[in-house]
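Keep the viewer open as you read.

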Amino acid sequence: MALSGSNDKQRKYSAFGDVWRRLKKNKPAMAGLVIIVLLILIAIFAPAIAPYSYSEQDSLHKFAPSGGEHLLGTDNLGRDVLSRLLYGSRQSLQMGLYSVAIAAVIGIVIGAIAGFYGGWLDNLLMRLLDIYQCIPMMLLCIVLAAALGPSLTNATVAIGVCSAPGYARLIRASILTIRESEYVEAARAIDASDFRIITKHIIPNAIAPMIVQITMSIGGMILSGAMLTYIGLGAQPPIAEWGGMLADGRNFMRQHASQVIYPGVCIMISVLSFNLLGDGLRDALDPRLKN
Amino acid sequence: MPALLEVRDLKKYFKTGGGILHAVDGISFALEEGKTLGVVGESGCGKSTLGRTILHLLEATDGRILFEGEDVTTPSRARLHALRRKTQIIFQDPFSSLNPRMSVSAAIMEPLVIHSGLSRDDMRSETRKLMDTVGLAERYANAYPHELDGGCRQRIGIARALALNPKFIVCDEPVSALDVSIQAQVLNLLLDLQEERKLTYIFVTHDLSVVKYISDEIMVMYLGRMVEKAPSDELFENTLHPYTKALLSAIPEPDIHCRQERVQIRGEITSPINPAPGCRFMARCPHASEVCAEPQKSEEYSQNHSVSCCKCGELNKRKEELIR
């Protein structure tokens, strides 16, 4: 209870310091975090580390085996698989991060308004979300792709918009409990504005489950993005994207299994590491586990 | 001396699935500046709701609230903003009434940020002064509430309430969540502050020994109604209402040789939803009869001592006769 007078800066971020300290102890989560950082670095420096261009075709060396000149071989058009995988991380990460950002922003705004003001507004927004959630995500993505043309951006927007209701519900639920808490009443007693109450009191306390939800769903979003590209609604050739590579490789799976194994493994590792980190964050952010 | 706060026939009803819950049902009193009104009653009798309604944290269903002689029952937005500077609240639970993600100094500074219009530096020095006033060491300034004990947390709550230099504070069971030893500290702090700043308190509690210590006047509530109201000493010496008697006889006596007679009340507290018009205590009162089913009026029994029991004259006369 008593604490020593340490300097200001250290103390100020102690809430986050605590989380970090607990996260560090969680080995799978740290492994996930390391892989994610590596993926981000790869995505940023793909042009520098990739041995070949992602679209350069070498029709004399189709399906070259792993090793040798092409470390992971070449695909059906003679493109270097390793280079394509490295470049592909850009699309996958972009899809995951942007669609989560879109979903989170839309979801938080709607959920915060519904949860904070309650009453008929809450009812209206939630019923609209109910209706909205009845539309299958796949259908919506196809409609969007048909209307705007299939592209990586449109697929990202479609995934983001489709996942927003989940966020809205989550944040609404935590706001509903925080809204009734005594410290919000205490803030009202000193006549804090609604804006102040939402931004200073409610959001900081509701954000922990959001952070977990965000990390956990990035993996899912990457998967959805790969799936959309797989069926031809996402990134268009010749852009390298793991889902797209999977789709291309599918035709030659029997003779050249590596064509689907490499991109599949990449998708699996990135999704897994986001999930591991999310799991770890959930444990670290739970104040009941204070050790 | 005109009353600082006057409440006339204040009512607060809640709509529930089962009907209308009468949380506060026709409470009236006047409170002079610098005095303390203790409000006692068992859980669910509407004492906290009363405090919150007076502070406009809940909207009154009916009745009038006058502050400094002005009707503030339904204040405008701007009027309410000004009113918040003068009327404050100290909450019961120092664990839930502080934002866990706000440091001590940020929590104390918050009312200043909203109201004072001071510069950052002035606010900081003001915060330090407040921490000093309530007895919080400066090294706690950047601590978070979960790192402190209940007493320190409650001091933060008090500092927040004092920040705007209010005239009137509702203390909503400010010590019932605290250790007995810390209770005394906090109570003394509240009394010192009252003397220093001429504060007026409404002190809501279920702890009778606390209320006797701190109040000038005591109001006993039962199911939203006022049961008895009298100056502190008068209430303890000359108890009139059967409920108050039962309540006071429940105070533990530290002397084992003193065998006091316990007035026991049986049964559960009746529901505050759609209550019958008669005396609320009727179902549990040992002296109840048909007259109690009629609407009760509070009577002035003696000066400043009012009681709402139609049989109280009869009951207490009998006692006087017995004594004689």
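## A buried loop residue

Leaving aside neighbours within four places in sequence, Leu199(B) is in contact (heavy atoms within 4.5 Å) with Gly34(B), Lys35(B), Leu162(B), Pro166(B), Lys167(B), Ile169(B), Leu193(B) and Gln194(B). You will find Leu199(B) in the loop between α6 (180-197) and β8 (200-205) of chain B. Leu199(B) counts as buried because its relative accessibility is 0%; buried means under 20% relative accessible area, exposed over 50%, and partly exposed in between (1.4 Å probe, protein chains only).

## About the model

This is a predicted model, where local features need pLDDT of at least 70, side-chain atom pairs count only at pLDDT 80 or more, and totals for chains, interfaces and linings use all residues. Residues are numbered from 1 along each chain as its sequence is written, chains are lettered from A and ligands numbered from 1 in the order in which they are written, and side-chain values use heavy atoms, leaving out hydrogens and water.

## A serine in a helix

Is Ser174(A) buried or exposed? At 15% relative accessibility, Ser174(A) counts as buried. Beyond neighbours within four places in sequence, Ser174(A) is in contact with Ala206(A) and Pro209(A).

Note on methods: Helix = DSSP H or I, 4+ residues; strand = E, 2+ residues; numbered from the N terminus.
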